[in-house]
Amino acid sequence: MAKKVAVVTGSAGGLGKGIAERLANDGFAIVLHDINQDLLKETEAEFKNKGYDVTSFVGDVSKRDDQFNLVKHAVDTFGRLDVFVNNAGIEAVTPFMEIDEKELQRAFSINVFGMVYGTQAAATQFIKQGGGGKIISASSIAGHESYAMLGTYSATKHGVRSFTQTASKELAKYKINVNAYAPGVAKTKMWDRIDAEMVKHDPSLKPGDAFAKYSSEISLGRYEVPSDVANLVSFLASPDSDYITGQTILVDGGMVYR
Ligand SMILES: NC(=O)C1=CN([C@@H]2O[C@H](COP(=O)(O)OP(=O)(O)OC[C@H]3O[C@@H](n4cnc5c(N)ncnc54)[C@H](O)[C@@H]3O)[C@@H](O)[C@H]2O)C=CC1
Ligand SMILES: CC(=O)C(C)=O
């Protein structure tokens, strides 16, 4: 039987790379994707060296055409699509009174518009194929609870949770499951940048303090690593999750309780 095919956006590094590697080990053919062409090519070469069935596509999730072309690339290369992971996202760290139009536009266009366009592109292909499919998106603990200095970011991740619910209700008739994962505090480049920005806005903080403070609130006593998130995404991409849809599932080591 032909391999199932998974697309993971923003998978040149960070959580997306961990998710893509786990899905490759689960037996999927993988479409890596990112806006960072150099890092994407490095990751593609690394995956090829490991023997994974992989291709890559450079794109910007905030551009609707790019998202549809990404799905086209997956189908042209591997013949079908089974799983689409809307992972790409950016942070925004700003005191509420200083949030401006530029920040709102940039964060919403990537985190929310990108998720909507990716979901539309994947669902269009799933409906054409006629056999259902899985759409899995990156929300956050900040999609369940809003944080100081992370107002814009938190609103975008609440948006992902909201669109996950709506899309799941409308796409259920096509046997398309739409769910989201909500990580907590993972030590990726994103958190390095959040930490640096928080220091700039709060003179009482030194580098590493914000990350240490957030991490200290994790019940299981350690920060998150990509495989923690990938374990959940693997489940959501598998038939074991066929009866779950519209959910934004926390994978945070115990920080936010819903
Ligand atoms: N790191 C963390 O603690 C948490 C992360 N998340 C979410 O998980 C997802 C992945 O986060 P990380 O791996 O930590 O971030 P990261 O910044 O380490 O990696 C994100 C990747 O997405 C790519 N990307 C950014 N904008 C893009 C665009 N417009 N189009 C295509 N690719 C783009 C980047 O080039 C990068 O390779 C994000 O949606 C983030 O909001 C959620 C909760 C916690
Ligand atoms: C990066 C993130 O999603 C946080 C702080 O919850």
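## Ligand 2 and its surroundings

Helix 6 makes the greatest contribution to the shell around ligand 2, supplying three residues. The model described here is a predicted one. The residues surrounding ligand 2 are Ser140, Ile141, Leu150, Tyr153, Gly184, Met190, Trp191 and Ile194. Sorted by class, this shell holds six nonpolar and two polar residues, with no charged residues.

On its own, ligand 2 has 220 Å² of accessible area, of which the protein covers 95%. The space that ligand 2 takes is the largest pocket.

## Ligand 1 and its shell

Around ligand 1 there are 30 residues, and those that come nearest are Asp34, Asn87, Tyr153, Ala186 and Thr188. By class, the shell comprises 13 nonpolar, 12 polar and five charged residues. At least two shell residues come from each of helix 1 (14-25), strand 2 (29-34), helix 5 (151-171) and helix 6 (189-201). Helix 6 gives the most to the shell around ligand 1, namely four residues.

In the side chain of Thr188, an N or O atom is 2.5 Å from an oxygen atom of ligand 1. The side chain of Tyr153 has an N or O atom 2.7 Å from an oxygen atom of this ligand. For Ala186, a backbone N or O atom is involved, at 2.8 Å from an oxygen atom of ligand 1.

The protein covers 93% of the 830 Å² of accessible area that ligand 1 has on its own. The space taken by ligand 1 is the largest pocket, and the space taken by ligand 2 is likewise described as the largest pocket. Tyr153 belongs to the surroundings of ligand 2 and is among the residues that come nearest to ligand 1.

## Lys157 in helix 5

Lys157 lies in helix 5, one of the elements that supply at least two residues to the shell around ligand 1. Lys157 counts as buried because its relative accessible area is 4%, under the 20% limit for that class. Lys157 and Gly18 are 139 residues apart along the chain, and their C-alpha atoms are separated by 20 Å.

## Ser56 in strand 3

Ser56 is located in strand 3, which spans residues 54-58. Its relative accessibility is 9%, so Ser56 is classed as buried. The side chain of Ser56 takes part in two polar contacts: one with the side chain of Lys41, at 3.1 Å, and another with the side chain of Glu44, at 2.8 Å.

## Asp100 between strand 4 and helix 4

Asp100 is placed in the loop between strand 4 (83-86) and helix 4 (101-129). With a relative accessible area of 40%, Asp100 is partly exposed, because that class lies between the 20% limit for buried residues and the 50% limit for exposed ones. The C-alpha atoms of Asp100 and Ala6 are separated by 36 Å, and these residues are 94 positions apart along the chain.

Notes:
Residues numbered from 1 in each chain as written. Chains lettered and ligands numbered in written order. Predicted model: local features only at pLDDT ≥ 70, side-chain atom pairs only at ≥ 80, totals over all residues. Heavy atoms only, no water. Near = heavy atom within 4 Å. Polar contact = N/O pair within 3.5 Å; in protein donor to acceptor, adjacent residues only side chain to side chain. Areas by Shrake-Rupley, 256 points an atom, 1.4 Å probe, with all protein chains shown as cover. 1 Å grid on protein atoms, 1.4 Å probe; cavity = no way out; pocket = protein on both sides within 12 Å on 5 of 7 lines; lining within 4 Å. Sits in = over half its atoms within 2 Å of the grid points. Nonpolar A, V, L, I, M, F, W, Y, C, P; charged D, E, K, R; others polar. Buried < 20%, exposed > 50% of the residue type's maximum accessible area, 1.4 Å probe, protein only.
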